[in-house]
Amino acid sequence: LGALSRTNPKRTRLMEQRTEEARARGRRVGVARSWVPLSRVSRHLIHAVLSSEDQNFFGHAGVDWKAIEESIEKNVEKGRFARGGITITQQLAKNLYFGTHKTLGRKARELVVTRWMEADLSKARILALYLNLIEWGDGVYGAEAAARHWYGKPASALSPTEAAGLAAMIPNPRRLNPRVSALRHERATRRVLWLMGQAGYIGRDVAGMGAEPPPEPVAEDEEPPAAPPPP
């Protein structure tokens, strides 16, 4: 962990997991990634990610207990796993060292690493690591590769809507993207724009503000509900 303040990781546990999964299916997935400093990431993407993934990022020490409490309440209310309560630092720890497999032991280790990260790294460094390592599609990692893959431009040139489109993919990037389901991705993008507007990052006209936010996207590793039978 100490090296993370000085060096940029070349591989993560999530990248290795995706390679193993592809090999098990008899296919090969290339890796597209390009490291850029935070100064070369559009402020719109930073705002979109903070708004949708961790609104209290600069106010917690790695674990947002209030968000976890609210997430548990949603789980009880909906009778299923509802995404929420996982901070950017926790997501970074998971991607770097543990992958997506869920066990209580792994979750406990993830929380320990999260606290270590918050103790050893600045918030700006954590955010830079996160934006450069997060998965944004099959073999697509980091904001620069994602911006070029999905919008054909560098991460520094993303508009508010394009930034919201990338942030909308984060919960489930291999299924929640415009190629797999343009309609679901559009709805998730509108939700991110709404959250950006609520946080004051963009104007209400751009955000399409209504009284209530659009519904949450399907959580990571959660299957979307089956389509109803035809009439």
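Where is the place of Trp150? In this predicted model, Trp150 sits in helix 7. The legends below start from the whole chain and then move to close-ups.

**View 1. The overall fold is built from ten helices and zero strands.** From the N terminus on, the elements run α-α-α-α-α-α-α-α-α-α. The protein has 231 residues, and 46% of them count as buried. Take the contacts between residues at least 6 apart in sequence: 67% of them join residues at least 24 apart.

**View 2. The largest nonpolar core has 48 residues.** Leu45, Trp136 and Leu166 have the most contacts inside this core. Seven elements each supply at least two of the core residues: helix 2 (43–53), helix 4 (88–98), helix 5 (104–120), helix 6 (123–133), helix 7 (143–151), helix 8 (160–169) and helix 9 (182–198). Leu166 touches both Leu45 and Trp136.

**View 3. Helix 7 packs its buried residues against helix 2, helix 6 and helix 8.** The buried residues of helix 7 are Ala143, Glu144, Ala145, Ala146, Ala147 and Trp150. Just after helix 7 comes Gly152, with a positive phi of about 65 degrees.

**View 4. Trp150 is a buried residue of helix 7.** Is Trp150 buried or exposed? The relative accessible area of Trp150 is 15%, so the residue counts as buried, the cut-off being under 20%. Trp150 touches Trp136, Leu166, Met169, Asn177, Pro178 and Arg179, leaving out residues up to four places away in sequence. Glu162 is twelve residues from Trp150 along the chain, and their C-alpha atoms are separated by 9.0 Å.

**View 5. Helix 4 is largely enclosed by the rest of the structure.** Why is helix 4 largely enclosed? Ten of its eleven residues are buried, so the rest of the structure largely encloses this helix. The buried set is Ile88, Thr89, Gln90, Gln91, Leu92, Ala93, Lys94, Asn95, Leu96 and Phe98. These residues pack against helix 1 (13–24), helix 2, helix 5 and helix 6. Gly99 follows helix 4 and has a positive phi, near 75 degrees.

**View 6. Helix 4 and helix 5 make a right-handed crossing.** Their axes come within 9 Å and cross at roughly 115 degrees. From helix 4, the contact takes in Thr89, Gln90, Leu92, Ala93, Lys94, Leu96, Tyr97 and Phe98. From helix 5 come Arg106, Lys107, Arg109, Glu110, Leu111, Val113, Thr114, Met117 and Glu118. By class, this contact has eight nonpolar, three polar and six charged residues.

**View 7. Val41 lies in the loop between helix 1 and helix 2.** Val41 has a relative accessible area of 7% and is therefore buried. Which residues is Val41 in contact with, leaving aside neighbours within four places in sequence? Val36, Ile46, Leu131, Ala155 and Ser156 are the partners of Val41. Ala143 lies 102 residues from Val41 along the chain, with a C-alpha separation of 7.4 Å. Ala143 is itself one of the buried residues of helix 7.

Note on methods:
Residues are numbered from 1 along each chain as its sequence is written. This is a predicted model: local features need pLDDT of at least 70, side-chain atom pairs count only at pLDDT 80 or more; totals for chains, interfaces and linings use all residues. Side-chain values use heavy atoms; hydrogens and water are left out. A nonpolar core is a set of buried Ala, Val, Leu, Ile, Met, Phe, Trp, Tyr and Cys residues joined through side-chain atoms within 4.5 Å. Buried means under 20% relative accessible area, exposed over 50%, partly exposed in between (1.4 Å probe, protein chains only). Helices (H or I, at least four residues) and strands (E, at least two) are DSSP runs, numbered from the N terminus. Contact means heavy atoms within 4.5 Å. Axes are lines fitted to C-alpha atoms, for helices over the stretch in contact, and angles run from 0 to 180 degrees between N-to-C directions. A crossing is left-handed if the near helix is turned anticlockwise from the far one by less than a right angle, and right-handed if clockwise. Ala, Val, Leu, Ile, Met, Phe, Trp, Tyr, Cys and Pro count as nonpolar, Asp, Glu, Lys and Arg as charged, and the others, Gly among them, as polar.
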